Amino acid sequence: MIRHFNHESLVNAAKEVDERQMELLIQNLSMSYGKTKIFSDLNATLHDGGLIGLLGPNGAGKTTLLKILTTLQKPTKGDVLIDGTSMIAHPNVMKNLLGYLPQQVPYFPNLTAGEYLNYIAGMKGMKAKEARRETGSLLERLHLADTGHKRLKDFSGGMRQRVGIAATLLNDPKIIIADEPSTGLDPEERVTLRNILGELANDHLVLLSTHIVSDVEAIAGQILLIKEGHFLYQGTPSDLIKRSIGHVWEYPVTTADTSPLTAKQLEEPTNSLIQRPDGIQIREIAKTPRQPQARQVLPSLEEAYLGALKGVISL
Ligand SMILES: Nc1ncnc2c1ncn2[C@@H]1O[C@H](COP(=O)(O)OP(=O)(O)OP(=O)(O)O)[C@@H](O)[C@H]1O
């Protein structure tokens, strides 16, 4: 049966909370490479039922955290518990529950999507008959049924990423971890990928790591904000926006009585230009705007995120 990923199911993904929730507890997690400390004493509690966006700038420690969560790396200290069981002491607990979607899906140009999925199913220890059945149903679910016989070299980036999701879903994982999966996709493909991940979050624990706010804006029920190895914020996107109210300002670019922003200041991520019917406006994320007559505006999630990263908004 083909399942459609639509707006309604996305809304449900954000709202629905399964009564039998799975808990992933990150407890005093620390990681160093030699003398280089990547993070120390990270703590967070994650549940299924609503996508969790792991947001942070490049170098914040997202990939290192994901490597630990996917059992590829052992932490220096601390633990990760799945429903009370340590996955550091028992990595197979995580391996049996995990589906990992990497940034780049491994590329075997001459395999068809069906052959690739059967190959991955074999690696996951699935029996041939079960693999064929699952592969067929996943190709349908991800709208790839009529392309299953084509070779991967003839697929677009978005189609290849959907094959990657199908591979991730083989073996019915309960936890899905995705590492910047929309890299290199065109805008339409990004939206499709987002919708699929949002839908999957209905009945899986989905952790999506990205530095692009729009990747999680419409689908995340929770945001985990990481900067320089610290969690700055864990909560809902709307709460992050609420906390940043009063810190985003707008004023016309042509106003005479202001200390104008220099080109250099406009390069700062806390300042941006926006086209309005009455002309170009400056949007500034600040405790106090440069222009005294600036009006307060409702922050976007991106502005709330940038304000938090820059320390303008206290969390
Ligand atoms: N093997 C390693 N040895 C030493 N330092 C490392 C190693 N791997 C990562 N780092 C450093 O750890 C920090 C966090 O890197 P990490 O890749 O986890 O960040 P990230 O948030 O995923 O960023 P990006 O999106 O750029 O991958 C960076 O400063 C990086 O240089």
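**Before you start.** The model is predicted: local features need pLDDT of at least 70, side-chain atom pairs count only at pLDDT 80 or more, and totals for chains, interfaces and linings use all residues. Residues are numbered from 1 along each chain as its sequence is written.

**Stop 1: the domains.** Colour 7–236 as domain 1 and 246–297 as domain 2. These bounds come from an automatic or database domain assignment. The C-alpha centres of domain 1 and domain 2 lie 38 Å apart.

Stop 2: Helices (H or I, at least four residues) and strands (E, at least two) are DSSP runs, numbered from the N terminus.

**Stop 3: H4 and H5.** Select helix H4 (residues 113–123) and helix H5 (residues 128–141). Their axes come within 9 Å and cross at roughly 130°. Axes are lines fitted to C-alpha atoms, for helices over the stretch in contact, and angles run from 0 to 180 degrees between N-to-C directions. H4 is therefore oblique to H5; angles under 35 degrees count as roughly parallel, over 145 as roughly antiparallel, 65 to 115 as roughly perpendicular and the rest as oblique. Now show side chains. On H4, pick Ala113, Gly114, Leu117, Asn118, Ala121 and Gly122. They meet Ala131, Arg132, Glu134, Thr135, Leu138 and Leu139 in H5. Contact means C-beta atoms, placed from the backbone, within 7 Å. The classes in this contact are six nonpolar, four polar and two charged residues.

**Stop 4: H6 and H7.** Move to helix H6 (residues 157–169) and helix H7 (residues 187–200). They pack at an angle of about 15°, with axes 9 Å apart. H6 and H7 are therefore roughly parallel to each other. Select Gly157, Gly158, Gln161 and Ile165 of H6. Their partners in the contact are Glu189, Thr192, Leu193 and Ile196 of H7. By class, the contact has three nonpolar, four polar and one charged residues.

Notes
Two residues are in contact if their C-beta atoms, placed from the backbone, lie within 7 Å. Ala, Val, Leu, Ile, Met, Phe, Trp, Tyr, Cys and Pro count as nonpolar, Asp, Glu, Lys and Arg as charged, and the others, Gly among them, as polar.
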